[in-house]
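Please open the model in the viewer and keep the selection panel at hand.

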Amino acid sequence: MSNTKKKQLQESLTQLLGNRMSQSEASLKAHSRDESWHSPQIPFAVCYPHSSEEVRKIVNLCKACQFQITPFGAGTSVEGNSIPAPGGISVDLTQMNQILAVSQADRDCRVEAGVTRLELNEQLKNAGLFFP
């Protein structure tokens, strides 16, 4: 990847996310691995979106600069699917953790990507429901 495209993407992501785009050693290392046996791969940057709209903008910026994107949740995968492509972008979805709607009658709910099973069950317990 050219340095020009890297600089362009870095500036665009910083403009979009501010300090929610990180290239700190700690963030890069934390997003380079999961619980699998696969080798860690350091991403170029880690993005922490707060909305679907921000995710869409991140995807469009990465597409324009030809950077690969890997979504990151809890990092507990044992298949290697949250390990980023070398030099790609890790999109950490944990801050998108809103429960948007619960329909007790339909036994259905709508949540953002960062909602954990435990958070969801805490919300559902008073309705007599749970997510196994």
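Is C109 buried, partly exposed or exposed? C109 counts as partly exposed because its relative accessibility is 30%, where buried denotes under 20% relative accessible area, exposed over 50% and partly exposed the range in between (1.4 Å probe, protein chains only).

The model is predicted: local features need pLDDT of at least 70, side-chain atom pairs count only at pLDDT 80 or more, and totals for chains, interfaces and linings use all residues. Residues are numbered from 1 along each chain as its sequence is written, and side-chain values use heavy atoms, with hydrogens and water left out.

Next, select C47, which is buried at a relative accessible area of 0%. With a disulfide defined as a pair of cysteine sulfur atoms within 2.5 Å, the count is zero. For C47, the nearest cysteine sulfur belongs to C62, 6.3 Å away.

Now select residues 52-65, helix α3; helices are DSSP runs of H or I with at least four residues, strands are runs of E with at least two, and both are numbered from the N terminus. The 14 residues of α3 reach 20 Å from first to last C-alpha, close to the expected 20 Å, which is 1.5 Å times one less than the number of residues.

Within α3, colour the buried residues E54, I58, C62 and C65. They lie on the same side of α3 because they cover an arc of only 70° around the axis, taken from the directions from the helix axis to the C-beta atoms. These buried residues pack against α1 (3-17), β2 (45-47), β3 (69-72) and β4 (89-92), contact being heavy atoms within 4.5 Å.

Finally, select Q66, which follows α3 and has a positive phi, near 60°.
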